[in-house]
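Here are my notes on this model, as numbered points. Please read them with the structure open.

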Amino acid sequence: MAAIVMFDDGSHRNVLLEDYSDGAAVQANQHLIIDGRSGMILDPGGHKVYSKVLAETLQRIGAGGRLDHVFLSHQDPDIVAAVNGWLMTTDAIAHVSKLWVRFVPHFGLDRLVIDRLKGIPDAGQWMRLGDTELAIVPAHFLHSAGNFQVYDPRSRILYTGDLGASVDVPYREVPDFDAHAPNMLGFHQRYMASGSALRAWADMARGLDIEIIAPQHGALFRGKEMVGKFIDWISTLEAGIDLLTKNGGYAMPPRSGT
Ligand code: FE
């Protein structure tokens with residue numbers, strides 16, 4: 001596991017923990033924000049990476065520091081599966097959309113920690129981390145029905161979860177947007193709910209001061225120009241329901257062979 005410091009102003013740090021877990025699991029990025037002695041882990045992942053990410057997180061926060069928040073952008077297993085371990089070994093509060101609060105316990109939440117899983121209201125909220133306030137911004141239907149992203153005004157990083165994800169790219173930062181876009185296309189067309197949701201997100205994102213867009217899978221977008229290109233691209237995409245209706249809606253499955 002590699003740890004890359006994306007931002008550090010002395011009291012506020014944003015660290016990327018990169019995981020290339022072998023086998024069938026999709027590559028995932030775990031993000032850690034530390035302000036003073038207080039830490040937040042974003043989308044901590046499943047059981048395969050749990051012990052490595054936990055050890056790296058606690059070491060980065062340091063003695064005397066504390067993990068205060070576990071942010072869950074949505075309810076998928078690559079994000080939530082190990083949440084019981086995080087709550088059992090730390091005093092953190094886990095946050096997930098209020099839509100998923102009663103579903104996440106199916107991953108096996110111990111009774112002792114269940115009160116530390118909190119629902120995020122649909123409109124989002126502000127969350128204190130040390131001396132900084134982070135914005136938990138709505139990104140519903142991108143891709144989950146109850147879906148949030150984290151905007152850090154201090155580092156100007158927007159953590160977009162599955163939005164902007166790419167798979168199997170050999171670089172950490174996107175060097176050339178046009179060459180990179182095909183690596184995102186199929187995933188966004190199938191996993192994102194609709195072009196109108198993407199445009200609504202783009203309208204919100206254009207109002208934010210963003211230096212880095214950091215997805216949970218694949219390469220990140222650094223710099224205003226690259227960020228602008230991503231927002232422009234996403235705002236014109238047809239996805240999900242758009243393509244479903246265009247392709248004739250639902251039908252019985254084709255029979256194979258016989
Ligand atoms: Fe997902």
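1. Buried means under 20% relative accessible area, exposed means over 50%, and partly exposed is in between (1.4 Å probe, protein chains only). Tyr 191 has 46% relative accessibility, so Tyr 191 counts as partly exposed. Phe 187 is at 17% and therefore counts as buried.

2. The ground rules come next. This is a predicted model: local features need pLDDT of at least 70, side-chain atom pairs count only at pLDDT 80 or more, and totals for chains, interfaces and linings use all residues. Residues are numbered from 1 along each chain as its sequence is written, and side-chain values use heavy atoms, with hydrogens and water left out.

3. Phe 187 and Tyr 191 both sit in helix 5 (residues 182–191), four residues apart, about one turn of the helix. Helices (H or I, at least four residues) and strands (E, at least two) are DSSP runs, numbered from the N terminus.

4. The structure holds eight aromatic pairs. Rings of Phe, Tyr and Trp (its six-membered ring) pair if their centres lie within 6.5 Å; planes under 30 degrees apart count as stacked, over 60 as edge-to-face and the rest as tilted. The ring centres of Phe 177 and Phe 221 are 6.1 Å apart and the planes meet at 45°, so this pair is tilted. Phe 177 is in helix 4 (residues 177–180) and Phe 221 in strand 13 (residues 221–222), 44 residues apart. Both Phe 177 and Phe 221 are buried. Phe 187 and Tyr 191 are stacked, at 4.5 Å centre to centre and 20° between the planes.

5. Check the iron ion. Its protein donors are His 74 (NE2), Asp 76 (OD), His 143 (NE2) and Asp 162 (OD), at 2.0 to 2.3 Å. Donors are N, O and S atoms within 2.8 Å of the metal (3.2 Å for Na, K and Ca); water is not among the atoms, so sites may look incomplete. The donor spacing along the chain is H-x1-D-x66-H-x18-D. His 74 and His 143 lie 69 residues apart and link distant parts of the chain. Both of these histidines are buried.

6. Seven strands form an open sheet in the order 1-2-3-4-5-6-7, with mixed pairing. Two strands pair if DSSP finds at least two bridges between them. Strand 1 (2–8) and strand 7 (117–120) are the edges, each pairing on one side only.

7. His 31 lies in strand 3 (residues 28–35). At 4% relative accessibility, His 31 counts as buried. Contact means heavy atoms within 4.5 Å. The residues that His 31 touches, not counting those up to four places away in sequence, include Met 6, Leu 42 and Tyr 159.
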